[in-house]
Amino acid sequence: HVESHLSTNRSMAFAVPTRIPPAAIVHWFRMDSLRLHDNPAFNYAITSGLKFKAIFIVDPWFNASYNNGPSVNVWRFLLESLHDLDSRLQKRPYQTRLNVFVGQ
């Protein structure tokens, strides 16, 4: 549903969307919230009735926040945690994948 609004300049008209419902909910998992069972935002997203997308963004600060980069053990822990989260998300009732991006 779109309403047209005319500006004060008669030669310009534009459409402004009004109340378009979201097609999906994107839940951004962060380093401090990789758990499912006690995550209120995640619980809201999966019970909303909308299509659910899960993402995690590896921020460059993670690598830069250590003097010589994070240790192998820190990277291993992060990768294992993300793999575990992806495995849990693939099961019922979620049936989705964790999308991992690198960026800011």
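Two rings of Phe, Tyr or Trp (taking the six-membered ring of Trp) make a pair if their centres lie within 6.5 Å; such a pair is stacked if the planes are under 30 degrees apart, edge-to-face if over 60, and tilted otherwise. The structure looked at here is a predicted model, in which local features need pLDDT of at least 70, side-chain atom pairs count only at pLDDT 80 or more, and totals for chains, interfaces and linings use all residues. Residues are numbered from 1 along each chain as its sequence is written, and side-chain values use heavy atoms, with hydrogens and water left out.

By the ring rule, there are three aromatic pairs. Ring pairs tie Phe29, Phe42, Phe52 and Tyr94 together into a cluster. Take Phe42 and Phe52: their pair is edge-to-face, at 5.5 Å centre to centre and with 75 degrees between the planes. This pair links distant parts of the chain, with Phe42 in helix α1 (residues 40-47) and Phe52 in strand β4, 10 residues apart. Helices (H or I, at least four residues) and strands (E, at least two) are DSSP runs, numbered from the N terminus. Both Phe42 and Phe52 are buried, where buried means under 20% relative accessible area, exposed means over 50%, and partly exposed is in between (1.4 Å probe, protein chains only).

Phe42 also pairs edge-to-face with Tyr94, at 5.3 Å centre to centre and 65 degrees between the planes. Here, too, distant parts of the chain are linked: Tyr94 is in the loop between α3 (72-90) and β5 (98-102), 52 residues from Phe42. Phe42 counts as buried because its relative accessible area is 0%, whereas Tyr94, at 25%, is partly exposed.

The loop between α3 and β5 holds Thr96 as well. With a relative accessibility of 14%, Thr96 is buried. Neighbours within four places in sequence aside, Thr96 is in contact (heavy atoms within 4.5 Å) with Phe52, Asp86, Leu89 and Gln90.

Elsewhere, the charged end of Arg30 sits over the ring of Trp28, 4.8 Å from its centre; the rule asks for NZ of Lys or CZ of Arg within 6 Å of the ring centre and within 35 degrees of the ring normal.

Then there is the largest pocket, with a volume of about 200 Å³. A pocket is an open set of points on a 1 Å grid over the protein atoms alone, where a 1.4 Å probe fits, with protein on both sides within 12 Å along at least five of seven lines; lining residues have an atom within 4 Å of a point. Of the 13 lining residues, Trp28, Arg30, Ile57, Asp59 and Trp61 are the closest to the pocket's centre.

How values were computed
Grid points are joined across faces, edges and corners, and a volume is the space filled by probe spheres set on the points.
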